[in-house]
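Here is a short report on one protein model. Look at the sequence and the structure first, then read on.

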Amino acid sequence: MVKPEMSERMQILRLMDSDFQELKTAFSIRKKVFVEEQRVSEADEFDEFEKESQHYLLKIDGKPIATARWRFIGDKIKCERFAMLSEYRNKGFGSELLSELIKDVKGKSDRVYLHAQLKAIPFYKRLGFIKVGDQFTECEIEHYMMILSK
């Protein structure tokens, strides 16, 4: 994994409901990655949990490049909607975003999990998630559940 260059200024924003423009930007990144690139329907991508989720927006030198969110499901935390613009992938930025999200959720629940697309499993493993259960299909894409190890 390549670490982000120190000369690049990285900013990770934790968005509030009142951050309308930043939320709109985060949603546009998700639309580009999931709806346009991966052909997930907008109805599946944008759901009724948007308002109850903690959203993040990652910027490099002021340019929005990635987003993610987490939410409570009962007493568990589900990390989801990780999306990065294609030209910024495999440069270490995703690790920075996920590490920040993990710092925020640690201690809020004993169980933190996500649904990982097959190609993303090595990425999540590097940051402490372990694969559990059987492979399943979500939005016509193969996934495994992964839980954050202690």
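## The largest pocket

Strand 4 gives the largest share of the lining of the largest pocket, seven residues. Strands (E, at least two residues) and helices (H or I, at least four) are DSSP runs, numbered from the N terminus. This is a predicted model: local features need pLDDT of at least 70 and side-chain atom pairs count only at pLDDT 80 or more, while totals for chains, interfaces and linings use all residues. Residues are numbered from 1 along each chain as its sequence is written, and side-chain values use heavy atoms, with hydrogens and water left out.

The volume of the largest pocket is about 1,000 Å³. A pocket is an open set of points on a 1 Å grid over the protein atoms alone, where a 1.4 Å probe fits, with protein on both sides within 12 Å along at least five of seven lines; lining residues have an atom within 4 Å of a point. The volume is the space filled by probe spheres set on the points, which are joined across faces, edges and corners. In all, 44 residues line the largest pocket. Phe82, Ala83, Gln117, Ala120 and Tyr124 lie nearest its centre.

## The nonpolar core

The largest nonpolar core has 42 residues. Such a core is a set of buried Ala, Val, Leu, Ile, Met, Phe, Trp, Tyr and Cys residues joined through side-chain atoms within 4.5 Å. Buried means under 20% relative accessible area, exposed over 50%, and partly exposed in between (1.4 Å probe, protein chains only). Leu58, Tyr124 and Phe129 have the most contacts inside this core. Helix 3 gives the largest share of the core, six residues.

## Strand 2 and its partners

Where does strand 2 sit? Six of its seven residues (54-60) are buried, so strand 2 is largely enclosed by the rest of the structure. Strand 2 runs antiparallel to strand 1 (residues 10-15), joined by six bridges. Two strands pair if DSSP finds at least two bridges between them. Ile12 stands opposite Leu58. Strand 2 also runs antiparallel to strand 3, with seven bridges. Here Leu57 stands opposite Thr67. In the hairpin of strand 2 and strand 3, two residues lie between the strands, and Asp61 takes a positive phi near 50°.

## Lys63

Lys63 belongs to strand 3. Its relative accessibility is 36%, so Lys63 counts as partly exposed. Not counting residues up to four places away in sequence, Lys63 touches Leu58, Leu85 and Tyr88. Contact means heavy atoms within 4.5 Å.
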